[in-house]
Amino acid sequence: MQPINEIHSVMTPLDRQNVDTDQIISKEFLKRIERTGFGKYLFYHWRFRPDGSPDNDFVLNDPRYAGSDILVAQDNFGCGSSREHAPWAIQDYGFKAVIAPSFADIFYNNCVKNGLLPIRLPEEAVSELLEKGKREPYQLQISLEDQTVRGADGTVHSFEIDPYWKQMLLNGWDEISLTFQYEPHIEAYEKKTARA
Amino acid sequence: MPKTIIEKIWEQHVVYEEEGKPDLLYIDLHLLHEVTSPQAFEGLRLNGRSVRRPDLCFATMDHNVPTRNRNIITDPISRKQIKTLQENCEEFGVPLAGIDHPDQGIVHVIGPELGLTQPGKTIVCGDSHTSTHGAFGALAFGIGTSEVEHVLSTQTLWQSRPKTMEIRIDGELGFGVAAKDVILAIIAKFGIDVGTGHIVEYTGEAVRKLSMEERMTICNMSIEAGARAGLISPDETTVEYMKGRRHVPQGAAFEEAADRWRALASDPGAVYDTTLTIHADEISPFVTWGTNPSMGSGIAGTVPMLTDFDKEADREAVRKALAYMNLEEGVPLDSIEIQHVFIGSCTNARLADLRAASEIVKGRNVHPAVRAIVVPGSASVKRAAEEEGIDQIFLDAGFEWRETGCSMCLAMNEDAVPAGERCASTSNRNFEGRQGAGSMTHLVSPVMAAAAAVEGRLTDVRNYLKEPVPSA
């Protein structure tokens, strides 16, 4: 996993609630056995019309936001299935962080495990960002170390993140390697509960 | 201090705890399927790691398998995914019920059938509907592929203690009301994200009277309420179901286990972070009209008016949903014509579900404008249904009787609803495109789906049922 800390980019305003994992990555693209290559299918049925032509009304097709690293959406982002293909697709497309008032639990976990930074901000703060971002391209500066999102106009929002996940993300640690250090505890547990 | 079942199971599984860190939890059962596991096994290979406890894993193929002709998988990528699971299970020694195995089926149907699912266990699977197993008083939750890899390597997961929520269902369920209606009504009343960050325990008089199949339907859709997991304290119904199942201890050992299971039930007076209540009187046969499971109402209702919603964000969400669903505001729900009926999925494809639906279609015919399919939840459900003659009832009425799998719930195989067509479905999600690009889903119970198949539109199943004569 790549370490993550500072992100400086224009934000992409996806002004929708309850964006579900079926929209993020549709099931017809879940058959691949690799972790990579899902970006071109991100929000496929919103980006493309049934005839395959791009839907220019969809925000990801708006050239003003091309190359953006930060996706901003409304509450309950990532609800639905546990498919990790969802954060893989978001990351593979080029995003490094997603900002929303709330995330579905499994999706949030899946982001953290892949070094995609999920940021919870209060609903009013997100609405404000969405308004600014829709009006004109709006730059954000994220610092994971400081737990802040700084807008181009100087507005600063702080966010909370579990200190354990923060360390994992800042250092890009492999969680499985860390857990191997607890092997004696796992063995002891198995002995104690007769699971050995 | 009195404890909830959630706290009891959690405490029994903590391998390591430290201030400022999540708890390291031991996992008793790891279920695997072909879609969310290949990248995890690949991760093991790349790092030279092995599966720590293959004996605590069980794999099957369900998401991608064909339900018509078992041996013809036309899509080469699907074929590769299925072959990959087979090879991974062989390489790492993981037990597998493959496509032709007599135990094959939807992962959340076969776990309980085989007795792998047991009260008090921690159970994970790379699938959000793992919450189904909570019906037995197990702590069961869906995980992503990175976590699948973590469990394969270490048989543990780092988990922060979630908050606890009680959803109490008071009173007695009314005539013609199914478990599916209960969970859809709960989600409609409390919202699609009410359970976020929580594990839900379903309690109350109505719950105690439910069969294990019905409890599974309710726990299955906990994730549609945003909950990490949903469970029900074990009781005699649970113990009775477990008896004689293949992976369950027998004889004296069974009685010991049963006592342990009974002791897991939440203590009287246990405190939850949140308690919500719904009365059975509020629940009638339900349908969804929108593009998430909270957008639903009793069948006697109508598609809502935009003016019913106070917040502009909600109006906008409903506007988008109605545009996608091609529905006008205020339309009576029982006037909506459907072209497809799907009876299947981990929510509603157990023997009791198929039996109930078959009672409705017995001696009747599927409407000529409707294509209706039944996809049993497992090979074992299919065999049992065929022994009872349930398959013939469906076939005589004009249903297709298929092989088992996830099928049209998510349409990863060729079972899809075409664009612009409507399906009354016993599955769990009505998201845009869920059953096929441009398809429109109305979530219902098995008996409501059966009645819709006959009528060619959504309809109140109570008109098809004889009200039982009240006992003196």
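How many residues of chain B are in contact with chain A, and how many of chain A with chain B? In this predicted model, 67 residues of chain B touch 55 residues of chain A, contact being heavy atoms within 4.5 Å. Together the two chains bury about 4900 Å², 52% of it on carbon and sulfur atoms; buried area here is the accessible area (1.4 Å probe) that two parts lose on being put together, summed over both.

The rule finds nine salt bridges across the interface of chain B and chain A, each a side-chain nitrogen of Lys or Arg within 4 Å of a carboxyl oxygen of Asp or Glu. Among them is Asp22(A) with Arg434(B), whose closest N and O atoms are 3.0 Å apart.

Now for a helix pair inside chain B. Helix H12(B) (residues 351-361) packs against helix H15(B) (residues 446-455) at an angle of about 30 degrees, the axes lying 8 Å apart. That makes the two helices roughly parallel, a label for angles under 35 degrees. The residues that meet include Ala356(B) and Ile360(B) from H12(B), and Val447(B) and Val454(B) from H15(B). By class, this contact has nine nonpolar, no polar and one charged residues.

Residues are numbered from 1 along each chain as its sequence is written, with chains lettered from A and ligands numbered from 1 in the order in which they are written. Local features need pLDDT of at least 70 and side-chain atom pairs pLDDT 80 or more, while totals for chains, interfaces and linings use all residues, and side-chain values use heavy atoms, with hydrogens and water left out.

Terms used
Axes are lines fitted to C-alpha atoms, for helices over the stretch in contact, and angles run from 0 to 180 degrees between N-to-C directions. Helices (H or I, at least four residues) and strands (E, at least two) are DSSP runs, numbered from the N terminus. Angles under 35 degrees count as roughly parallel, over 145 as roughly antiparallel, 65 to 115 as roughly perpendicular and the rest as oblique. Ala, Val, Leu, Ile, Met, Phe, Trp, Tyr, Cys and Pro count as nonpolar, Asp, Glu, Lys and Arg as charged, and the others, Gly among them, as polar.
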